[in-house]
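Subject: Structure handover

Dear colleague,

Please find below the structure we discussed. My notes follow it.

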Amino acid sequence: MRISLLGAGRRRRARRTFFLSLVVLSFILATRPEIPAVQQTPLNQLEVKLNAEYAKIEKTIVGPPSRAQYPIAADYHQHLREWQDDLAQAFAAAANTIKEILKLNPPNADYWRERMETMELYAQPISSPELRTVFSSGELQQSARLINAPAAEYTDEARTAKTRGDVRLRMVLAADGTVKYVFAIKSLPHGLTESAMKAASAIQFEPAIRNAKPASQFITLVYEFKDGQARPPYIPKTIF
């Protein structure tokens with residue numbers, strides 16, 4: 001009987017210790033300082049939105065209609081206009097987002113202004129050459145001539161990840177001899193797109209000629225990354 005009473009006493013003390021522990025734990029949980037959730041700043045939110053718009057542009061730009069899809073000329077031209085309109089609207093949406101970013105007075109405002117001007121240029125509707133200041137090769141007396149087009153750097157991160165493929169850039173070789181309005185119409189991860197854009201900004205060239213004067217020309221360049229090496233850029237047979 002004594003053993004039973006001792007066992008019962010121990011059980012009662014264990015229960016009291018257990019309930020006391022619960023009370024202490026509840027108090028600690030109730031009085032601990034709240035850890036604020038990590039929230040994105042307005043700038044971060046706009047950058048996320050802009051990246052999604054860039055992705056939409058890339059998705060749209062690789063899918064132009066073809067004559068094989070629409071053998072009837074009228075159908076082909078109708079779908080081509082619709083594709084051009086969709087692409088222009090996608091660029092315009094990105095331009096508007098960058099305008100919102102600039103309202104926040106970001107520290108690298110010059111970069112964002114250049115990005116906005118690039119989006120606005122590519123958002124312009126198709127018009128006759130007389131109404132434009134940038135031209136395609138078929139609208140020129142003489143196309144721009146590349147003098148020095150350096151290869152991009154194959155980043156260590158991309159080499160570690162064994163990333164391969166190509167970055168396709170659309171840009172303007174301006175009449176004043178500078179490279180402007182660079183946009184990646186096909187990109188790669190691990191810093192390769194940024195590396196290609198940096199290399200493109202260093203291109204040396206002789207400007208195109210139109211009406212016997214230097215003129216600005218649209219051009220597409222492809223930067224290939226393969227087997228851990230970056231190849232010199234080249235002009236592809238097709239823009240996209």
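Leaving aside its neighbours within four places in sequence, which residues is alanine 152 in contact with? They are Ser195, Ala196, Ala199, Tyr223, Phe225 and Ala230. Please bear in mind throughout that this is a predicted model.

Alanine 152 lies in the loop that runs between β2 (145-148) and α5 (156-160). Its relative accessibility is 8%, and because buried means under 20%, alanine 152 counts as buried. One of its contacts, alanine 196, is 44 residues away along the chain, yet the two C-alpha atoms are separated by 4.9 Å.

Overall layout

The protein has six helices and eight strands. Along the sequence they follow the pattern α-α-α-α-β-β-α-β-β-α-β-β-β-β. Of the 240 residues, 34% are buried. If contacts between residues at least 6 apart in sequence are taken, 71% of them join residues at least 24 apart.

Helices

Two packed helices are described by the angle between their axes and the distance between the axes. For α2 (residues 42-61) and α4 (residues 109-122), the angle is about 30 degrees and the axes are 14 Å apart. Their crossing is left-handed. On the α2 side the contact is made by Glu47, Leu50, Tyr54 and Ile57, and on the α4 side by Trp112, Arg115 and Met119. By class, these residues are five nonpolar, no polar and two charged. An α-helix has 3.6 residues a turn, so residues three or four places apart point the same way.

Helix α3 covers residues 73-103. Just after α3 comes asparagine 105, with a positive phi of about 55 degrees.

Strands

Strands β3 (residues 165-173) and β4 (residues 179-186) run antiparallel and are joined by five bridges. Arginine 168 has lysine 186 in β4 as its bridge partner. The hairpin of β3 and β4 has five residues between the strands, and glycine 177 in this hairpin takes a positive phi near 85 degrees.

When you open the file, I would begin with two places. One is alanine 152, with its contacts including Tyr223 and Phe225. The other is the contact of α2 with α4, where Trp112 is among the residues from α4.

Regards

Notes
Residues are numbered from 1 along each chain as its sequence is written. This is a predicted model: local features need pLDDT of at least 70, side-chain atom pairs count only at pLDDT 80 or more; totals for chains, interfaces and linings use all residues. Side-chain values use heavy atoms; hydrogens and water are left out. Axes are lines fitted to C-alpha atoms, for helices over the stretch in contact, and angles run from 0 to 180 degrees between N-to-C directions. Helices (H or I, at least four residues) and strands (E, at least two) are DSSP runs, numbered from the N terminus. A crossing is left-handed if the near helix is turned anticlockwise from the far one by less than a right angle, and right-handed if clockwise. Contact means heavy atoms within 4.5 Å. Ala, Val, Leu, Ile, Met, Phe, Trp, Tyr, Cys and Pro count as nonpolar, Asp, Glu, Lys and Arg as charged, and the others, Gly among them, as polar. The expected span of a helix is 1.5 Å times one less than its number of residues. Two strands pair if DSSP finds at least two bridges between them. Buried means under 20% relative accessible area, exposed over 50%, partly exposed in between (1.4 Å probe, protein chains only).
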